[in-house]
Amino acid sequence: MSMNTLLIIALSPLAGAIIAGFFGRKIGRIGSHIVTIASVAVSCVLSIQVLMGLIDGELQAFNENVYTWMVTGNVTFNVGFMIDSLTALMMSVVTFVSLMVHIYTIGYMHDDPGYQRFFSYISLFTFAMLMLVMSNNFLQLFFGWEAVGLVSYLLIGFWFKKESAIFANMKAFLVNRVGDFGFLIGIAAVMMSFGTLDYVEVFNQLPDFTDKTISIFPGVEWSLMTFIAISLFIGAMGKSAQAPLHVWLPDSMEGPTPISALIHAATMVTAGIFMVARMSPIFEMSDTALSFVMLIGAFTAFFMGLVGIVQNDIKRVIAYSTLSQLGYMTVALGVSAYSAAIFHLMTHAFFKALLFLGAGSVIIAMHHKQDMSEMGGLKKYMPMTFITMWIGTLALTGMPGFSGFFSKDIIIEATHASTRWGSGVAYIAVLLGVFITALYSFRLIYLTFHGKERMDNHTKEHLKESPWVVTLPLVLLAIPSVVIGWMTIEPLLFGDFLKEAIHVNPANDVVAHIGEYEFHGAGSFALHGLTQLPFFLALAGFALATWVYLKKISVAENAKKTFKPIYNLLVNKYGFDSFNQKYIAGGLIKLGNFLWKWSDSKLIDGFVVNGSAKLVNKVSQAFRGFQSGYIYHYALVMVVAVIFFVGTYVL
Amino acid sequence: MNSWSLLSLLIWLPIIAAFAILALGPNRAGLARLLAMLTAVLTLLLSIPLWQNFDTTTAAMQFVEKVAWIPSLNINYHLGVDGIAMPLIVLTTFITVLTVLSAWKVITKNVHQFMAAFLMLEAFMIGVFCAQDAMLFYIFFEAMLIPMFLIIGIWGGPNRVYATIKFFIYTFFGSVFMLIALIYLYMKGGSFAIADMAELTLSLKEQTWIFFAFFLAFAVKIPMFPVHTWLPDAHVEAPTAGSVILAAIMLKIGGYGFLRFSLPITPDASSDLAGIVIALSLIAIVYIGLIAMVQKDMKKLIAYSSISHMGFVTLGIFIAFALIGKSADTNMALEGAMVQMVSHGFISAALFLCVGVLYDRMHTRKISSYGGVINTMPIFGAFFVFFAMSNAGLPGTSGFVGEFMIILSSFQASFWFAFLAALTLIFGAAYSLWMVKRVVFGEVKSESVAQLTDITKRESFILAVLALAVLGLGLYPEPLIDVMRVSVEHLIQQISVTKV
């Protein structure tokens, strides 16, 4: 592997972004999309080459610095690349999905005045994401981490006139900053403990840190590794939208659909998952931290899935589904099944990008209406979208044979096999999650493509399949959504592929356990899946959705009334948003106003500063009386003074 | 030593030019502008060899000039720079060029006086950074107030009289105590040379008194909580160019003073009282951050944000003492403080210039008067978002580097220091982005926003230069660190040895 190849992979999208961003008007729309697509295509081809090279064993893992960012004291901060199987896999997924989204955007943003700007942003995003995954140190990781956040901010607020969009992008950035706060504390703790931010140098020192503690509150000693792991994970909670820092992701749907697919489903939101997997040597040292990770994931997987059932906006259903699936990945991390998390990350990237882009195709046809209650029966107007969306749904719900089945089933099995504290609860959550996933997914399919056509006549007249630039990416994503699972499960989970990149203590290695006792090839795994509980739960979800949303829609209405409190709870998203808005944002603003009005203006400025000015004024007013200009006043004072001094002297 | 007195040239060239411009009289505004620009550019060009010929391997003063001035009191015209002063001088000459350019069209009243005041200000600030004699330093330090006083008082806003008097009394109040301390040190050691003062043996009691005297002067200047309230008023009333110089350079003189006087002269007292300064710095970061969030005037918001960012400078400087106690690496903290000063020089300048651009067009700084500016000023909007992000400390911009270094160092001193300092990640983003949301994004808010015209070539040139500086320092801070490394190490040695 040569440094030049890697530099081309990372910098080519940046060059595309710069050209489209600064010279977009000169090179025009076509010029802009050609430049950015070409630049991402170069990255994609080279990334896949690197991945293949690593698989074949032609290439060795790579770790080199590009340049020295800064030397301060005894610490050297570098910018550099660490390319191993995990990185190469991420690079390939990121650039492939990005390429698909670039092509798709030609169709989706066709009439948008900000066409060039959009291409510039998504190429910039690809660069930032590559810097994040290719990094060999925490500094560059944090750079990529925040840079993808910046582009996400710019893209959620892409339609900057829309009040909801510019609220959502600020919210996304700020909620992520809360996570980054934890992340930065974690990085600072790493710096303090290891004296370096270089991954390998940190990992090499880990054995000496087993019993180290840190005292946050006087007299209380916490395990240092638990502290670092949880701090870093708080960063992941922001980026990968885990409760309670998930609130920004549904709102991010205000951005154009291509970026919902690219950033808010396939790549950026999985950065947290990737980061934890990358830091597996650190997380493996703390069972407490992993239990925490697992429970957060389980909570998110289950409860966010439930919210998906009551959403009517097609993109929001998929957004809640993304939250839930990220929860699955987090659970996998929490039970030390890092490879399973990465596996699900990959399959999910394909089928979730597919679902989002499919939803986007529907939205184009519906003239940018996203409410499913105005859809229905679209299958006959847009067959390609219909078929590919079905494929994506089957993959998402984990129907045996589809990619999602393999990755989700492994997570469920791994959770079942885990003996970590709390894994019982997590197991129930991920199991029930399967039912919920099937329920909201098929609900979406039925409300959109089947049943009565509920749109107005004007819309109906113009319904048609999207152009090929839109459907081609759907097809290209549908293929891996079907096949990638059985193709890669063996090498990824039970082979040597990720062994070097991910570290699991033998005692925690639930995936190896499954490999030893339960896994006998992808085919039999799929067949075996047909007899297992998750499959029946998925079927039950499918059956319920079919009955309610295809046959008897009134049931849904009745259920709403019967379970009014639960329904309201779900519609209000458990009140996270209103709580944050009222108490956190509102509270801080109140506090700010209080400090400004009372402390800064009244106390410091009013009382102390202007008060002392007034005091000086008063004192001088008083003394002014002495300088009356009348000689007899001065004479009197002198006489009195002389008498006083002489008097005290004599006495 | 250089055969041609570079530092003197840097100081006296703008002063002579200022008199020449004054002599032009009020009727030749165009020529006054041109001459001021030429002088500023020439000064900038002259400061480049300062950087190029700077020897980064020694902590000794370089480009030294020393001439007896008042021999009876042993006061010398003594100039020199080290790695701490040099970057700040280059920052001064760089920012001055941009501010002269920014005032090109805006100032129409008494142009010759304005430009002359500006060049005087530049000269005095350069003088402050290279004075090696405490008396000379003091004179420049005080002289600086006069042109600034005039700039706000003559070309300022409606409430400029209150603001200038507040500004003047505040800073003057602080520096009087410094003068007393300097005289005391002279009486004790018989020399006004700063280097000699650093060598003096002082009891802890003496050091404590002197420390507080210096502290008052520099804490007001930088400014620190709770002596910060002059800054928002001064900024609001100052013309754009005045705000830029005030935020970008003058505040740094406070930080520079701590590094040049407080630390080397009173190391034991500094160490003893570091806890208080750290506490005040953390209050500045959190409390001022919250206040910045609720500001309704853009300039006030940026002024409060400046105070909050300067909190990092004082935190970085004084956290060093906590680290020496733990025998941890102190370089990062002090170098972080320096980087933060330079970076804030770029970012605050850019933000004030952005507000100036809007103010010149709409004659209001109220956030609520704006909304949807990006619809009519897309290029400006892009710059504004960029600088707001830098202000929020986005990695890749200079705003990140110093804060990152200081948060990392603070953690080594105490988890809670880092915890409070890192809150800026949230608050800094909140006030910066909320302002962006209300000013830049959204539907066109009013008829006057609809009639805005995008920035001119001149304006975008200024902002583009600053943007490049912000990115350059953010992506590759090593050259700046390299310049100051040896001097910072020397300073650490000075403060590690007790004087008692």
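Begin by selecting residues 287–310 of chain A, which form helix H13, together with residues 564–571 of chain A, which form helix H25. These two helices pack with their axes 8 Å apart, at an angle of about 105°. Because angles of 65 to 115 degrees count as roughly perpendicular, H13(A) is described as roughly perpendicular to H25(A). Please note that the model is a predicted one.

Next, show the side chains where the two helices meet. On H13(A), the contact is made by A:Leu306, A:Val307, A:Ile309 and A:Val310. On H25(A), the partners are A:Tyr567, A:Leu570 and A:Val571. Which classes of residue make up the contact of H13(A) with H25(A)? There are seven nonpolar residues, no polar ones and no charged ones.

Remain in chain A and select A:Phe351, which lies in helix H15, residues 338–365. Is A:Phe351 buried or exposed? A residue counts as buried if 20 or more other C-beta atoms lie within 10 Å of its own; A:Phe351 has 31 other C-beta atoms within 10 Å, so it is buried. Now display the residues that A:Phe351 touches, leaving aside those up to four places away in sequence: A:Gly392, A:Ala395, A:Leu396, A:Ser403, A:Gly404 and A:Ser481.

Now show both chains and turn to the place where they meet. Here 43 residues of chain A are in contact with 40 residues of chain B. Four elements of chain A each supply at least two residues of the side that touches chain B: strand S1 (62–72), helix H5 (138–156), helix H6 (163–194) and helix H26 (576–624). Which element gives the largest share of this side of chain A? That element is H6(A), with 15 residues. Colouring by class, one finds 29 nonpolar, seven polar and seven charged residues on the side of chain A that touches chain B.

Finally, select helix H4 (residues 111–130) and helix H6 (residues 145–155) of chain B. Their axes are 9 Å apart, and the packing angle is about 150°. Because an angle over 145 degrees counts as roughly antiparallel, H4(B) is roughly antiparallel to H6(B). The crossing of H4(B) and H6(B) is left-handed. From H4(B), the contact involves B:Phe114, B:Ala117, B:Met120 and B:Leu121; from H6(B), it involves B:Pro147, B:Met148, B:Leu150, B:Ile151 and B:Trp155. The residues of this contact comprise nine nonpolar, no polar and no charged.

Note on methods:
Residues numbered from 1 in each chain as written. Chains lettered and ligands numbered in written order. Predicted model: local features only at pLDDT ≥ 70, side-chain atom pairs only at ≥ 80, totals over all residues. Contact = placed C-beta atoms within 7 Å. Nonpolar A, V, L, I, M, F, W, Y, C, P; charged D, E, K, R; others polar. Axes fitted to C-alpha atoms, helices over the stretch in contact; angles between N-to-C directions. Parallel < 35°, antiparallel > 145°, perpendicular 65-115°, else oblique. Left-handed = near helix turned anticlockwise from the far one by under 90°. Buried ≥ 20, exposed ≤ 12 C-beta atoms within 10 Å, placed from the backbone.
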